[in-house]
Amino acid sequence: MFKPLDAIFFEAPTLDLSRDLLGKILVHELPDGIVAGRIVETEAYMGAEDRAAHSFGNRRTKRTEIMFGKSGLVYTYQMHTHTLLNVVSGPEETPRAILIRAIEPVDGIDFMAERRGRHMPMKQWTSGPGKLTKAMGITMDYNGHHFTERPLYIAEGEAVRAVSKGPRIGIGNSAEAVHFPYRFWETENPFVSKFRP
DNA sequence: TCCTCGATTACCT
DNA sequence: GGTAATCGAGGAT
């Protein structure tokens with residue numbers, strides 16, 4: 001059914017990879033079945049030169065260590081009460097990452113409905129970085145896992161129709177980096193996260 | 001040790 | 001539009 005992409009896919013330059021991830025399928029294989037969603041929104045964090053990145057100035061700590069590893073690794077971290085999911089990018093020692101901000105549910109609809117609450121409109125199940133990890137059952141335990149390996153991986157999907165780009169969300173205290181156009185999304189896809197005022 | 005704050009979300013008014 | 005939730009990372013002391 002779904003098959004992990006080869007590791008070479010993740011070796012593209014970070015901004016190219018951010019765009020290439022759109023349309024790909026994020027898959028989580030669980031004992032009870034498969035949960036999968038098509039990636040429709042991403043944000044690039046450009047490491048040493050990017051004030052909004054955790055690894056700005058090559059800051060190397062227990063938390064950011066994984067970003068210095070090879071491309072395609074999973075970087076998860078906690079934001080308040082939520083888990084956020086990133087794809088490590090760039091060669092080793094270049095601490096870049098791509099935040100997966102939204103997916104469009106493809107498989108495991110019942111599982112997602114159960115986890116997000118059956119009364120919530122489907123549009124709101126996965127339209128945000130914290131929402132999609134909850135919907136798909138992705139936890140901090142996957143930090144350091146690789147996206148080419150089961151049970152959590154990225155597979156080929158239906159190509160995007162059109163791509164938009166613009167400034168990233170929620171990085172208000174990042175000086176000049178606030179304006180960098182590092183957010184990518186599929187134009188007019190209803191599962192893209194809403195801009196936060 | 002102590003303090004501040006966050007790559008968010010949901011619920012309140 | 002405002003804010004609580006909720007806790008560890010990161011920097012200051």
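In strand S8, Phe184 is the bridge partner of Thr42, and Thr42 itself sits in strand S2. S2 and S8 are antiparallel, with 3 bridges between them; two strands pair if DSSP finds at least two bridges between them.

Before I go on, the ground rules. This is a predicted model, in which local features need pLDDT of at least 70 and side-chain atom pairs count only at pLDDT 80 or more, while totals for chains, interfaces and linings use all residues. Residues are numbered from 1 along each chain as its sequence is written, chains are lettered from A and ligands numbered from 1 in the order in which they are written, and side-chain values use heavy atoms, with hydrogens and water left out.

Back to Thr42. Is Thr42 buried or exposed? Its relative accessible area is 0%, so Thr42 is buried. Buried means under 20% relative accessible area, exposed means over 50%, and partly exposed is in between, with a 1.4 Å probe and protein chains only. A polar atom of the Thr42 side chain is 3.0 Å from the backbone oxygen of Ser18. That falls under polar contacts, meaning a pair of N or O atoms within 3.5 Å; within protein, one must be able to donate a hydrogen and the other to accept it, and residues adjacent in sequence count only if both atoms are side-chain atoms. Not counting residues up to four places away in sequence, Thr42 touches, among others, Leu21, Ile98, Leu99, Tyr182 and Phe184, where contact means heavy atoms within 4.5 Å.

Now S8 itself, residues 183-186. In a regular strand the side chains alternate between the two faces of the sheet. In S8 both faces are covered: Arg183 and Trp185 are buried on one side, Phe184 and Glu186 on the other. S8 also pairs with strand S7, residues 163-166, in the antiparallel sense over 4 bridges. There, Val163 stands opposite Glu186.

The loop between strand S6 and S7 holds Gly157. With 25% relative accessibility, Gly157 counts as partly exposed. Beyond four places in sequence, Gly157 is in contact with Gly23, Lys24 and Ile25.

Next, S5. S2 and S5 run antiparallel and are joined by 9 bridges, with Glu43 bridged to Leu99. S4 also pairs with S5, antiparallel, over 4 bridges, and here Leu99 is the partner of Asn86. S4 and S5 form a hairpin with 6 residues between them, and Gly90 in the turn has a positive phi of about 80°. Of the 12 residues of S5, 9 are buried.

On to the cores. A nonpolar core is a set of buried Ala, Val, Leu, Ile, Met, Phe, Trp, Tyr and Cys residues joined through side-chain atoms within 4.5 Å. Which residues of the largest nonpolar core touch the most other members? They are Leu21, Leu26, Ile39, Val87, Phe147 and Ile154, out of 28 residues. S2, S4, S5, H2, H3 and S6 each give two or more residues to this core. Another core, of 14 residues, lies apart from it and includes Ala52, Ile66, Tyr77 and Ala97.

Helix H3, residues 129-136, has 6 of its 8 residues buried, so it is largely enclosed by the rest of the structure. The buried ones are Pro129, Gly130, Leu132, Thr133, Ala135 and Met136. Their cover includes strands S1, S2, S4 and S5 and helix H2. After H3 comes Gly137, with a positive phi near 70°.

Last, the DNA. Which residues are around DNA strand C? They are Arg59, Thr61, Arg63, Thr64, His80 and Thr81, each with a heavy atom within 4 Å of the strand. Of the atoms of DNA strand C that come within 4 Å of the protein, 75% belong to sugar and phosphate. An N or O atom in the Thr61 side chain is 2.6 Å from a phosphate oxygen of DNA strand C. For Arg63, a side-chain N or O atom is 3.2 Å from a sugar or linking oxygen of DNA strand C. A base nitrogen of DNA strand C lies 3.4 Å from a polar side-chain atom of His80.
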